[in-house]
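Colleague: I would like to go through this structure with you and ask what stands behind each label. Please set the values against the cut-offs.

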Amino acid sequence: MQMKKILLLALAIFSFSFVPVFAVGTNKTANVSSIPLPEENYVVQVTDNRQVATHASRVSWNGHTYLQGKRGASLVTIPFAKIKEVRIGSGARAYNASIKAQIILQNGDSLDLLLRGDVKVYGATRYGKFELYMNDIRSIVFE
């Protein structure tokens, strides 16, 4: 009986010694080095809904150097090299809602797209890296 109690106590101690290992996780989005910065260097000025402008380089959309959205029933993909400006209307937006954007192309043409608001734009600034959800952006001007 004494041996059974000792074994149960040892098993309990052994089992609880692994609890901290499983309870401690990582927040990969908080890891600054995990922010995707592409090799291609697109330089932009991003203005958010609070009218704060940020000058950034090595910008990406969800880790890619293109913008993707719906135009009617079509899914349209536009490389950054063809974009001059992205204009997004003001107003409150839900986190995961689609947002209306006017895309001004380098050749002067423009088209309206519905963009996902829950996708992030990433980039490097003179003070560090940044990330911003599309639904928090008012405009992106490519230089």
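Colleague: What makes the lining of the largest cavity nonpolar, polar or charged by class?

Modeller: Ala, Val, Leu, Ile, Met, Phe, Trp, Tyr, Cys and Pro count as nonpolar, Asp, Glu, Lys and Arg as charged, and the others, Gly among them, as polar. The lining consists of Val59, Trp61, Leu67, Phe80, Val86, Val121, Met134, Ile140 and Phe142. By class that gives 9 nonpolar, no polar and no charged residues. Strand 2 and strand 10 each supply at least two residues of this lining.

Colleague: What kind of model is this, and how are its residues numbered?

Modeller: This is a predicted model, in which local features need pLDDT of at least 70 and side-chain atom pairs count only at pLDDT 80 or more, while totals for chains, interfaces and linings use all residues. Residues are numbered from 1 along each chain as its sequence is written, and side-chain values use heavy atoms, with hydrogens and water left out.

Colleague: Why is that space called a cavity?

Modeller: On a 1 Å grid over the protein atoms alone, a cavity is a set of points where a 1.4 Å probe fits but cannot get out, and its lining residues have an atom within 4 Å of a point. Grid points are joined across faces, edges and corners, and the volume is the space filled by probe spheres set on the points. The search of the whole structure finds 1 cavity of 30 Å³ or more. The largest cavity holds about 50 Å³ of space.

Colleague: How do you know how many helices and strands the protein chain has?

Modeller: Helices (H or I, at least four residues) and strands (E, at least two) are DSSP runs, numbered from the N terminus. On that basis the protein chain has 2 helices and 10 strands. Their order along the sequence is α-α-β-β-β-β-β-β-β-β-β-β.

Colleague: Why is leucine 67 called buried?

Modeller: Buried means under 20% relative accessible area, exposed over 50%, and partly exposed in between (1.4 Å probe, protein chains only). Leucine 67 has a relative accessible area of 3%, so leucine 67 is buried. Leucine 67 is found in strand 3, residues 66-71.

Colleague: Which residues does leucine 67 contact?

Modeller: Contact means heavy atoms within 4.5 Å. Leaving aside neighbours within four places in sequence, leucine 67 is in contact with Trp61, Val76, Thr77, Ile78, Phe80, Ile83, Val86, Ile103 and Leu115. Leucine 67 and phenylalanine 80 are 13 residues apart in sequence, and their C-alpha atoms are 6.9 Å apart in space.

Colleague: Why does asparagine 62 count as partly exposed?

Modeller: Asparagine 62 has a relative accessible area of 39%, and therefore is partly exposed. Asparagine 62 lies in the loop between strand 2 and strand 3. Its phi is near 55 degrees, a positive value in a residue other than glycine.

Colleague: What is the phi of glutamine 51?

Modeller: Phi of glutamine 51 is near 65 degrees, also a positive value in a residue other than glycine. Glutamine 51 is in the loop between strand 1 and strand 2.

Colleague: Why does alanine 56 count as buried?

Modeller: The relative accessibility of alanine 56 is 1%, so alanine 56 counts as buried. Alanine 56 has its place in strand 2. Apart from neighbours within four places in sequence, alanine 56 is in contact with Tyr42, Val43, Val44, Ala124, Thr125 and Phe130.

Colleague: Is serine 139 buried or exposed?

Modeller: Serine 139 is at 14% relative accessibility and so counts as buried. Serine 139 lies in strand 10. Not counting residues up to four places away in sequence, serine 139 touches Gln45, Val46, Thr47 and Val86.

Colleague: What makes a set of residues a nonpolar core?

Modeller: A nonpolar core is a set of buried Ala, Val, Leu, Ile, Met, Phe, Trp, Tyr and Cys residues joined through side-chain atoms within 4.5 Å. The largest one here has 27 residues, of which Val86, Ile103 and Met134 touch the most other members. Strand 6 gives the most to this core, with 4 residues.

Colleague: How much of the protein chain is buried?

Modeller: Buried residues make up 32% of the 143 residues in the protein chain.

Methods
1 Å grid on protein atoms, 1.4 Å probe; cavity = no way out; pocket = protein on both sides within 12 Å on 5 of 7 lines; lining within 4 Å.
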